[in-house]
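This briefing walks through a structure by topic, from the sheet to the helix packing and then to single residues. Please keep the sequence and the model in view while reading.

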Amino acid sequence: MDLYQDYLEVLLSFPENSYFAKAGFVACNNDESVNGNVLITGINPSVPVNGQYVPTSSYPNPFKGDDNKYFSRLKSFIPEDMIHQTGYLDIFPFYEEAQKTLLSNIRGNEKMTADVLRVTQTEIERINPSLIIIANKSTYPFWGASDDCVWMGYDFQKVAKDELPEELQARGLDIRIIRGFRQDDLAKHKIIYKTDDAVCRLTGTVAVMHSHSRNLSRTQQLTKSDYRILYDYSKKIKSQF
């Protein structure tokens, strides 16, 4: 799959004067070493990558050299020896500094939004990570993690504290396991993604419902130790499905 070309094909189908066509887009090219390992997700590109912004472009793994504040903050909890197996993806590729502006343009443009998310979801399913760190709360509904929103339609099951590795039980992290696609009545009519074989490849993936906010308390912030433990835990859980 060529993510850049797939996004471009979808965007070229939009009206020329639409917000989505005019915003420009950038997408991360995740190499094969990320597959089956870790994926960190945000909402959309809002800062230049590797010191520059090109309206329509792709970029390599940002944890292997980019030093802007956004990626540095995420990189702070990734052990150095695990950077090569950690990928990044925004669920929307549109360059927009103001997240509120992005979300306001999404409202009322359900079909365009779904067309773009379908490309993103195809890429996520291709990567099939054992661990996903969803690092933006505003994206939770697009994953299907809100009862009244379906979009990608994943079924998240919260992990009870006593079922977590001992080192994580007092951390207060929101850790869930993807059980497949949602099967409720709303999802049956609203889910935007359906594979030919009806298989959800993310079944068994461990998801950390995180936030990239600067306002997180010290206990809410992920650490390199958390990351290693979560990685090992995710491999164990994924192998059971």
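Which residue of β7 stands opposite phenylalanine 156? The residue opposite phenylalanine 156 is isoleucine 178 in β7, and the two strands concerned, β6 and β7, pair in the antiparallel sense over four bridges. This is a predicted model, in which local features need pLDDT of at least 70 and side-chain atom pairs count only at pLDDT 80 or more, while totals for chains, interfaces and linings use all residues. Residues are numbered from 1 along each chain as its sequence is written, and side-chain values use heavy atoms, with hydrogens and water left out. Helices (H or I, at least four residues) and strands (E, at least two) are DSSP runs, numbered from the N terminus.

**The sheet**

- Six strands form an open sheet of mixed pairing, and their order is β4-β2-β5-β8-β7-β6; two strands are taken to pair if DSSP finds at least two bridges between them.
- Strands of a sheet pair through backbone hydrogen bonds, in either a parallel or an antiparallel arrangement.
- The edges are held by β4 (86-90) and β6 (154-158), each of which has a single partner strand, so one side of each is left without a neighbour in the sheet.
- Direction ignored, neighbouring strands of this sheet are turned by 30 degrees against each other on average, where axes are lines fitted to C-alpha atoms, for helices over the stretch in contact, and angles run from 0 to 180 degrees between N-to-C directions.

**Strand pairs**

- β2 and β4 run parallel and are joined by five bridges, and within this pair leucine 39 stands opposite glycine 87 in β4.
- Strand β7 (residues 175-181) pairs with strand β8 (residues 206-209) in the antiparallel sense over three bridges.
- In that pair, isoleucine 175 stands opposite valine 208 in β8, and arginine 176 has alanine 207 of β8 as its bridge partner.

**Burial of the strands**

- Five of the five residues of β4 are buried, so this strand is largely enclosed by the rest of the structure; buried means under 20% relative accessible area, exposed over 50%, and partly exposed in between (1.4 Å probe, protein chains only).
- From β4, Thr86, Tyr88 and Asp90 point one way, whereas Gly87 and Leu89 point the other way, and all are buried.
- Six of the seven residues of β7 are buried, so β7 is likewise largely enclosed by the rest of the structure.

**Helix packing**

- Helix α1 (residues 3-11) and helix α5 (residues 110-127) have axes that come within 9 Å and cross at roughly 165 degrees.
- The two helices α1 and α5 are therefore roughly antiparallel to each other, since angles under 35 degrees count as roughly parallel, over 145 as roughly antiparallel, 65 to 115 as roughly perpendicular and the rest as oblique.
- Leu3, Asp6, Tyr7, Val10 and Leu11 of α1 make the contact with Asp115, Val116, Val119, Thr120 and Glu123 of α5, contact meaning heavy atoms within 4.5 Å.
- The residues of this contact of α1 with α5 divide into six nonpolar, one polar and three charged; Ala, Val, Leu, Ile, Met, Phe, Trp, Tyr, Cys and Pro count as nonpolar, Asp, Glu, Lys and Arg as charged, and the others, Gly among them, as polar.
- α5 also lies across β2 (38-42), β4, β5 (131-134), β6 and β7, and runs at about 170 degrees to β4.

**Individual residues**

- Isoleucine 40, in strand β2, counts as buried at 0% relative accessibility.
- Although isoleucine 40 and leucine 89 are 49 residues apart in sequence, they are 6.5 Å apart in space, C-alpha to C-alpha.
- Not counting residues up to four places away in sequence, isoleucine 40 touches several residues, among them Phe63, Leu74, Phe77, Ile78 and Ile133.
- Serine 57, in strand β3 (residues 56-59), counts as buried at 15% relative accessibility, and its C-alpha atom is separated by 7.3 Å from that of tyrosine 4, which is 53 residues away along the chain.
- Asparagine 128, in the loop between α5 and β5, has a phi near 45 degrees, a positive value in a residue other than glycine, and is partly exposed with a relative accessible area of 24%.
- Tryptophan 151, in the loop between α6 (140-143) and β6, also has a positive phi, near 45 degrees, but counts as buried at 17% relative accessibility.
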